[in-house]
Amino acid sequence: MVSKIPMVLEVMSKESGLPVLEESYEFLYLVSAASEDGITAVYECGGMTSLAGQMSALSDGSHLMELAMKVLQMMLKKLSQGIIENDHLSELSIVVAEVARQFALLQSALKFEALHLLSAIFSSEYSTLLHDALRVIPNENWSNHIRDGVAKILQNRVAPAENFEALILAESMVSIKGEGWLIGQINLPNVQVPIPADRCLLLVLESSRVEVTVLLNDLAYTKYAASKSSSSSTAETIISKQQKVTTVFSLVEKIIKLISNIGETEGNPIDESTFIKVINGLNETIGVVLEYLEDAKEHGQKVGNDLLASVRLVGSYLAETPIACKDKIEELLGYMLSVEGEDDSSPFYSLCFLLPMLCQMTLEIEGCKLLASSGGYKAVVDCLIKLIKQNRHGVEDNDCVFLACDTILNFLLKRERFPFPEDESTFFNLLKALALWTEKTNDQSIVMMASSICSLIFDLTSENDLLNHPGFSISCLDSLSRLVARSLASWGQGMSDVAKADMDLLEIVTAGYSRWADRFPQIRKAVEE
């Protein structure tokens, strides 16, 4: 039977008669299901290309369409990533477009076959490469079809596994088409009343909220309450649930981004009622994540990719709404700043994820107080020093660098309005890093930012104290002197546009210089020269 597969595929390519096609599809399905050699032969003889080319001609919901989808699903399960990457991304993109139509239009069991096939494709190791192929498909109907199908699945009572598969599709579509895909006209068979364009957004958010609650509760139970045995099945369960958490967290984070962008643009595509529903749903979701982190803290757990992902999600949301969950954040900030991923040697990435939130938080006195009492300012300084080292070695992440700088700047500017920590060593180490960062740069924005931070740190000390500090050299003081001189030289007539843009930073430097110049004779000499 396997040896006859090439002949059957050749007949399929030439014969359009329905009885012959039905026999051919039945043959391919039965041989593929019965033997691994069968499905391998179907693929090697061009089965993927043949099926992708014929699906557009098959009737919606037909037996032939069902068989084609089943053969494709078996093929995907058997074949290696490398083969798919090299040979059939374009055919897979055609398959996705055709199956998406079945997913949207059908109201039979075949709708779920379409869901399973699409989910298998988008969950596979080659899905990222497939995204690029799908972005260039000229016909936009396929993405609308998937939105229609996802909405239909999520608004009906289906098995949890199928509900999650719909979320996998939603997450993939947002990755391909952008967050705006969640808002769009939904067309369902036999439904005459128009469905609001925001329905998919609300359904995805509510389903994601439920999944977050269930998955995190299950993870917490498996980790802390279940048997402490280190069985492989327990480890596999944890890994499986962590992977699912990654998907729903990604969706929630993209909804946060969508709402943030909507708030910044004119012509709101959703009404106020929907906006409030989304905010309430996000608040509930973030509350559940914070409870999970609190549970981990109580059990002394600081390492885990699920914990790191939780910190990232919390940071994303609170960067937009820093006053949300205020009491919980006060309790957990120090802990969140200590969370590490499983392959990390420090909590560096937790800090990077939280920087947008910390930057917003330190605009207020209460936020600065919290950063001081939790010791979070030390973590921000350490993070900035590490970012500067990476930057000097060619790994640039200017967004994080400037977020860390802004956070420290906010903290130092308000130091007289809260109990400021007596911790010269932390800030002296930062001075050394800032001196190295700016020594060879011509970027005026970097010069001004570093100089303004240095100016505020100089308020805390004197030149003699600096030189008496272990590890602080005269060459470092020379670099800082040149830095301050460069920044002050941009003052006055003929200022560049960049200098004008950094006028507030320049004012910090000049005001600081008038306060501490007498305590720093070497810096004053460099400025006067």
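Select N163, which touches L154, V158, S207 and E211, leaving aside residues up to four places away in sequence; contact means heavy atoms within 4.5 Å. N163 is found in helix α11 (residues 160-177), where helices are DSSP runs of H or I of at least four residues, numbered from the N terminus. N163 counts as buried because its relative accessibility is 14%; buried means under 20% relative accessible area, with a 1.4 Å probe and protein chains only.

The model is predicted: local features need pLDDT of at least 70, side-chain atom pairs count only at pLDDT 80 or more, and totals for chains, interfaces and linings use all residues. Residues are numbered from 1 along each chain as its sequence is written, and side-chain values use heavy atoms, with hydrogens and water left out.

Next, select helix α1 (residues 5-14), whose buried residues are I5, V8, L9 and M12. Seen down the axis of α1, these residues fall within an arc of 100 degrees, so they line one face of the helix; the arc is that of the directions from the helix axis to the C-beta atoms. The buried residues of α1 pack against α2 (18-34), α3 (36-44) and α4 (47-54).

Now go to F458 and F520. Their ring centres are 4.6 Å apart and their planes are at 40 degrees, so the pair is tilted. Rings of Phe, Tyr and Trp (its six-membered ring) pair if their centres lie within 6.5 Å; planes under 30 degrees apart count as stacked, over 60 as edge-to-face and the rest as tilted. F458 counts as buried, at 0% relative accessibility.

Definitions and conventions: Buried means under 20% relative accessible area, exposed over 50%, partly exposed in between (1.4 Å probe, protein chains only). Helices (H or I, at least four residues) and strands (E, at least two) are DSSP runs, numbered from the N terminus.
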